[in-house]
Amino acid sequence: MRRRIGAYGGAGLLLASLAGCGLHSGSPLVADVGPGSIGKGRPLDGVDLTVTSKEFTEQLVLGEIMGIALKAAGADVLDRTGIQGSIGAREAVKSGDADGMYEYTGTGWITYLGHTEPVTGAEAQWKALRDADVANGIDWLPPAELNNTYALALNQANEKKYGTKTLSDVAALSKSDPSAVTLCVNQEFSSRDDGLPGMEKAYGMKIPPSQVQTMDSGIVYTQVSEGKACTFGLVFTTDGRIKAMDLVVLADDKHFFPSYNAAPMMNAETMKEHPEIADILNPITKKLTNPVAQELNAKVDVDGQDPHDVAMDWLVSEGFVTKE
């Protein structure tokens with residue numbers, strides 16, 4: 001008997017308190033889809049698969065991308081995307097209640113494995129995580145370039161005015177023109193070691209508390225776009241509002257912020273039974289970049305499209321799958 005490969009379902013389905021218990025909800029992934037450049041010969045024909053994700057936009061889209069790809073390869077996919085929080089999704093994959101999801105390498109290393117210091121470099125971070133997590137029954141497939149980490153951004157007018165392109169430029173500006181460096185950040189970033197305090201230390205900048213405003217993350221984007229209350233603001237590098245609001249993201253030239261590259265986090269037993277999954281997902285993962293993520297996220301958050309439709313349209317446009 002084939003075992004069920006996991007995925008948790010429907011954009012908007014929120015499943016809480018999953019650690020230590022099985023998954024009880026989900027729905028078949030409905031998609032008339034066939035092989036394109038991936039899934040030829042339908043190597044997963046007759047295999048039951050389940051895909052999962054956390055509940056925010058990017059995770060929902062990535063979960064649908066995984067599910068549609070597996071279905072194109074012949075699998076019967078149960079969609080259980082939309083789990084609330086990281087721990088429940090992780091435990092589902094770890095226990096075998098679910099078989100795979102796109103997760104972030106920084107989350108794996110810091111949140112799940114409990115390390116306090118990230119590994120420098122995206123590839124090195126992934127390798128360290130992959131090697132350590134195998135003991136937990138987790139198989140991490142190669143990561144995407146997509147890196148959903150912290151960054152500072154500003155609007156086009158302020159970028160032209162101050163000429164800042166990197167965080168080192170912001171540090172230099174904080175010394176040459178201290179009043180120019182005003183920040184809008186969320187409460188968490190203002191106090192995290194891998195947030196504002198650590199960034200100031202790493203880059204040798206000192207921003208007076210009076211020039212730092214804390215607010216809801218969504219409001220930060222609006223304030224930075226307007227460029228009046230603050231010159232610089234905290235953004236997440238794959239957020240669709242960056243492109244929609246035409247913001248300029250500053251380079252983390254000292255590589256201070258941890259790498260949060262998206263990678264398939266798979267149940268190791270599933271991969272042992274169906275190693276062909278790697279050949280299906282790896283080409284797709286290679287195509288996932290920050291600009292791609294920004295575009296896909298914006299289609300949901302700005303244009304109001306459904307994550308499943310966004311995922312399907314992208315996979316078809318890239319030639320990975322075909323509609324039947």
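Helices (H or I, at least four residues) and strands (E, at least two) are DSSP runs, numbered from the N terminus. This is a predicted model, in which local features need pLDDT of at least 70 and side-chain atom pairs count only at pLDDT 80 or more, while totals for chains, interfaces and linings use all residues. Residues are numbered from 1 along each chain as its sequence is written, and side-chain values use heavy atoms, leaving out hydrogens and water.

Back to H13 itself. Among its buried residues are Val292, Ala293, Leu296 and Val300. The helix covers residues 290-301, and its end C-alpha atoms sit 16 Å apart, which agrees with the 16 Å that 12 residues should span at 1.5 Å a residue; the expected span is 1.5 Å times one less than the number of residues.

Next comes strand E11 (residues 232-236). Four of its five residues are buried, so E11 is largely enclosed by the rest of the structure. Two strands count as paired if DSSP finds at least two bridges between them. E11 pairs with strand E8 (residues 150-154) in the antiparallel sense, over four bridges, and Tyr150 has Phe236 of E11 as its bridge partner. With strand E9 (residues 183-185), E11 runs parallel, and two bridges join them. In this pairing Cys184 stands opposite Gly233 of E11.

Cys184 and Cys230 form it, with their sulfur atoms 2.2 Å apart. The two cysteines are 46 residues apart and tie together distant parts of the chain: Cys184 lies in E9, Cys230 in the loop between helix H9 (217-226) and E11. The link is left-handed, at -110° about the S-S bond. Cys184 is buried, at 0% relative accessible area, and Cys230 is buried at 0% too.

Elsewhere, three strands make an open antiparallel sheet in the order E6-E13-E7. Its edge strands, each pairing on one side only, are E6 (100-104) and E7 (138-140). E6 and E13 (residues 262-267) are joined by five bridges, including one between Met101 and Met265.

Terms used
Buried < 20%, exposed > 50% of the residue type's maximum accessible area, 1.4 Å probe, protein only. Disulfide = S-S within 2.5 Å.
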